[in-house]
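Colleague: Can we go over the salt bridges? Start with what you mean by the term.

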Amino acid sequence: VDAWNRWREQNPTMIPDISSTDLSNADLSGINLLFTKLRFVNCSHADLSHADIRGTDLNGVILHSTDLSHASLVGSGLSGADFHLTKLNGACLGSVNAVGANLSMLDLSNANLINANLFSANLSGANLSRANLSGTYLNVDLSNANLSGADLSRASLCG
């Protein structure tokens, strides 16, 4: 992670493409993946806590049991990504596009989802306690989800 982050600092205009890579079980805590192409990557059981994943293409990524707590995914593409049992507590997911993403059974407590597009996402059983969902498009499955203390101001709950 240290070597990668140094390389990213030295090459800020590069857009790395590590699509279709197997990063399962990797310890990538604190990694800088800003604007990286990660389509169809297997990150199951990886530690991506505190990672900078802003503006990243995560479409179709497998994130089973991945730790993304306190990571920044602002503006990332998450459509079709499978986040089953992923930890996203305290993560910043503002303005993400997660159309059709499987977010069931997730810990999204204290997460920032301001202006996120969650159309047709599955949030059944998710912990959204104290999450900021203001301005979020929530045409989703919220069955058995915990929304205690969540901010739903300006959120669209149609469907």
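Modeller: A salt bridge is a side-chain nitrogen of Lys or Arg within 4 Å of a carboxyl oxygen of Asp or Glu. This is a predicted model, where local features need pLDDT of at least 70, side-chain atom pairs count only at pLDDT 80 or more, and totals for chains, interfaces and linings use all residues. Residues are numbered from 1 along each chain as its sequence is written, and side-chain values use heavy atoms, with hydrogens and water left out.

Colleague: How many salt bridges does that rule give?

Modeller: Three.

Colleague: What does D67 pair with?

Modeller: K87. Their closest N and O atoms are 3.9 Å apart. The pair links distant parts of the chain, 20 residues apart.

Colleague: Is D67 buried or exposed?

Modeller: Buried, at 17% relative accessibility. Buried means under 20% relative accessible area, exposed over 50%, partly exposed in between, with a 1.4 Å probe and protein chains only. K87 is partly exposed, at 41%.

Colleague: Next one. Which residue does R54 bridge to?

Modeller: D52, with the closest N and O atoms 2.7 Å apart. D52 counts as buried at 18% relative accessibility. R54 is partly exposed at 35%.

Colleague: And R39, what is its partner?

Modeller: D57. There the closest N and O atoms are 3.4 Å apart. R39 and D57 lie 18 residues apart in sequence, so the pair ties those parts together.

Colleague: What is the relative accessible area of R39?

Modeller: It is 35%, so R39 is partly exposed.

Conventions
Helices (H or I, at least four residues) and strands (E, at least two) are DSSP runs, numbered from the N terminus.
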